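Trainee: I would like to learn how to read helix packing in a model. Could we go through one together?

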Amino acid sequence: MIAVLLPLGLWMTSLDYYDPWYKKAPDLHRATGVLVALVLLARMLWRFSNVQPRPLAHARWETTAARAAHLLLYLLPLLLVTSGYLISTADGRAVDVFGWFEIPATLQGVEGQEDVAGEIHFVLAMTLLGIIALHVLAALRHHFILKDRTLIRMLKPGNTSQQVKERQ
């Protein structure tokens, strides 16, 4: 969903008032963002309530960088959802989620809220894009250059945390 939200967000900001997608694209972006928030919260609950496999033996800097990147892969989407919410509700309107339910506006009327939250939202999105790119490059480095099992462990279906732990 994030792979769709990033380009959609960039594209929709280029639309002019007369474009038929001028209203539809932001509505789609907001509703999908709420779904991302729900999936993210479920993923975080799962992540912190399950045993995680031990990392493979790597240099200390790699382990530290991996932990920081993983933390950012959780934190940045959470902050993006929050800043998106602040943009969307700055005028007091609720966020409609595909007509299924609405998220009410709780914080509004702050001077420049939409603009400030919009700038933050853009910086966070570009930062997330950079972290995703680094994560992909690191996984490919592990697979093709270091030739270790990092990428295989990430992608192999049926690799529960316990199974991975038992194999180590």
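This is a predicted model: local features need pLDDT of at least 70, side-chain atom pairs count only at pLDDT 80 or more; totals for chains, interfaces and linings use all residues.

Trainee: Which residues in α2 meet which residues in α3?

Mentor: Residues are numbered from 1 along each chain as its sequence is written, and side-chain values use heavy atoms, with hydrogens and water left out. Contact means heavy atoms within 4.5 Å. Helices are DSSP runs of H or I with at least four residues, strands are runs of E with at least two, and both are numbered from the N terminus. On the α2 side, Arg 30, Gly 33, Ala 37, Leu 40, Arg 43, Met 44 and Arg 47 meet Tyr 74, Pro 77, Leu 78, Val 81 and Ser 88 of α3. By class, that contact has seven nonpolar, two polar and three charged residues (Ala, Val, Leu, Ile, Met, Phe, Trp, Tyr, Cys and Pro count as nonpolar, Asp, Glu, Lys and Arg as charged, and the others, Gly among them, as polar).

Trainee: At what angle do the axes of α2 and α3 cross?

Mentor: In general, two packed helices are described by the angle between their axes and the distance between the axes. Here α2 and α3 cross at roughly 145°, and their axes come within 10 Å. Axes are lines fitted to C-alpha atoms, for helices over the stretch in contact, with angles from 0 to 180 degrees between N-to-C directions.

Trainee: And which residues of α1 meet α4?

Mentor: Ile 2, Leu 6 and Leu 10 of α1 meet a set in α4 that includes Phe 122, Met 126 and Leu 129. Helices α1 (residues 2–12) and α4 (residues 113–145) pack at about 135°, with axes 11 Å apart. The pair is therefore oblique (under 35 degrees is roughly parallel, over 145 roughly antiparallel, 65 to 115 roughly perpendicular, the rest oblique).

Trainee: Which residues of α1 are buried?

Mentor: Buried means under 20% relative accessible area, exposed over 50%, partly exposed in between, with a 1.4 Å probe and protein chains only. In α1, Leu 5, Leu 6, Leu 8, Gly 9 and Met 12 are buried, and they pack against α2 and α4.

Trainee: Is Ala 57 buried or exposed?

Mentor: Ala 57 counts as exposed because its relative accessibility is 82%. This residue lies in the loop between α2 and α3. Its C-alpha atom is separated by 9.8 Å from that of Asp 148, 91 residues apart along the chain.
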